[in-house]
Amino acid sequence: MPFDVAAVRAHFPALQEGVAHFDGPGGSQVPDVVADAVANTLRSGISNRGSVTASELRAEFVVATARQAAADLLGAQPAGIIFGRSMTQLTYDLSRTLAKQWRAGDEVIVTKLDHDANVRPWVQAAEAHDVRVRWAEFDRTTGELPVSAVTSLLTERTRVVAVTAASNLLGTRPAIARITPRAHEAGALVYVDGVHLTPHAWVDVEAMGADFYACSPYKFLGPHLGIVAARPALLESLRPDKLLPASNAVPERFEYGTLPYELLAGTTAAIDFLADLTPGTGPRRTRLAQSMQVLEQHESAMLKRLEAGLSGVTRLYGSPRRDRTPTALFTVDGVPSATVYKELAVRGVNAPAGTFYALECARHLGLAEGGAVRAGIAPYTDESDVDRLITAIHDLKPS
Ligand SMILES: Cc1ncc(COP(=O)(O)O)c(C=O)c1O
């Protein structure tokens, strides 16, 4: 099925500014329907959730609808969807909750491929509880994290394995579904960072075997907040710190304060937009399966074009041939990455340079402080965006 990128682009008011956005891995642009959903929620009568007034019922409806939408996106249950300010905040919260059950001498596994948001909360919780941290290393040349790099660290003391479903620097996608059964055999829980994967692929948290799966709507065309999906029964077994009057129900007891109703409405609109990226019928999850597959084809075609255009003039990191998201990390010989970033910006191309909080990953790759340039493909990326980036890079290459 063809992907109508022009029709998709027409929904993004921001693109009228004429910039080619390759900064999606940092945060995507937002379609009109998402902005409308946020604004309409703020314009309508809305109160704290309740069952008496129409505005209370509207808030209830917004929350229930968003939980269902997120569950459809991830293959999870609505009662297992936790909303929070960001993935980072939710991961800190959950790491502290899980750490209450740890004993001195227990172990957690983190990886050098991960964004710091799925590293530091575990490392710091481990320090606080006298728990050992074990580091899984990825292959510097291919950018791959072999399954054995994680599973060889498992022991009967492992309590949590924190691993990314896709690297926000290299785009490589570890085989999570092969890690989770081994972790479970060892008695460990698996906390998967799906922030970078979710915008680009069909996600099925159950098939993946993730005990927790975290993502952020602002990376998949939605507003700024975070989501964690977990089995409701697992959440029932956990006791987060909470205010006394706050609900003790699951998932509410994991959600601090009043939820941002307008952002939840925007999240539902973003998921509906993804489901309708290609024409389809049937339940939303079925439509999502179809449109994410078509989107993946479009995005890999854009990535291929980009990599072909950059080959020879840039050093590309990671393994372009393996299963990965459409994210290219590169440096240009003789030009500092910060300069590349600025020169691209002058040409109306947003492709930032840095290490993008994937601190251990950047260190393991031997990247200098300034990092490398990252170009991420998004649903609104078209051939002319890609060609602009390629031309701009060729222009600034010193001869
Ligand atoms: C892979 C990955 N994990 C986690 C995060 C943190 O997400 P949030 O900003 O929702 O805390 C990011 C943000 O860039 C990311 O790319």
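Phe273 counts as buried, because its relative accessibility is 10% and buried means under 20% relative accessible area (1.4 Å probe, protein chains only). The model is predicted, with local features needing pLDDT of at least 70 and side-chain atom pairs pLDDT 80 or more, while totals for chains, interfaces and linings use all residues. Residues are numbered from 1 along each chain as its sequence is written, and side-chain values use heavy atoms, without hydrogens and water.

A pair of aromatic rings is described by the distance of the centres and the angle of the planes. Rings of Phe, Tyr and Trp (its six-membered ring) pair if their centres lie within 6.5 Å; planes under 30 degrees apart count as stacked, over 60 as edge-to-face and the rest as tilted. The count comes to 4 aromatic pairs. One of them joins Phe12 and Phe273 edge-to-face, at 5.8 Å centre to centre and 80° between the planes. Phe12 lies in the loop between helix 1 (5-9) and strand 1 (20-21) and Phe273 in helix 10 (residues 261-275), so this pair ties together parts 261 residues apart in sequence. Helices (H or I, at least four residues) and strands (E, at least two) are DSSP runs, numbered from the N terminus.

Phe12 is buried too, at 1% relative accessibility. With Tyr380, Phe12 forms a tilted pair, 5.0 Å centre to centre and 55° between the planes. Here, too, distant parts of the chain are linked: Tyr380 lies in the loop between strand 13 (372-376) and helix 14, 368 residues from Phe12. Tyr380 is buried at 0% relative accessibility, and Phe12, Phe273 and Tyr380 form one aromatic cluster.

How values were computed
Buried means under 20% relative accessible area, exposed over 50%, partly exposed in between (1.4 Å probe, protein chains only).
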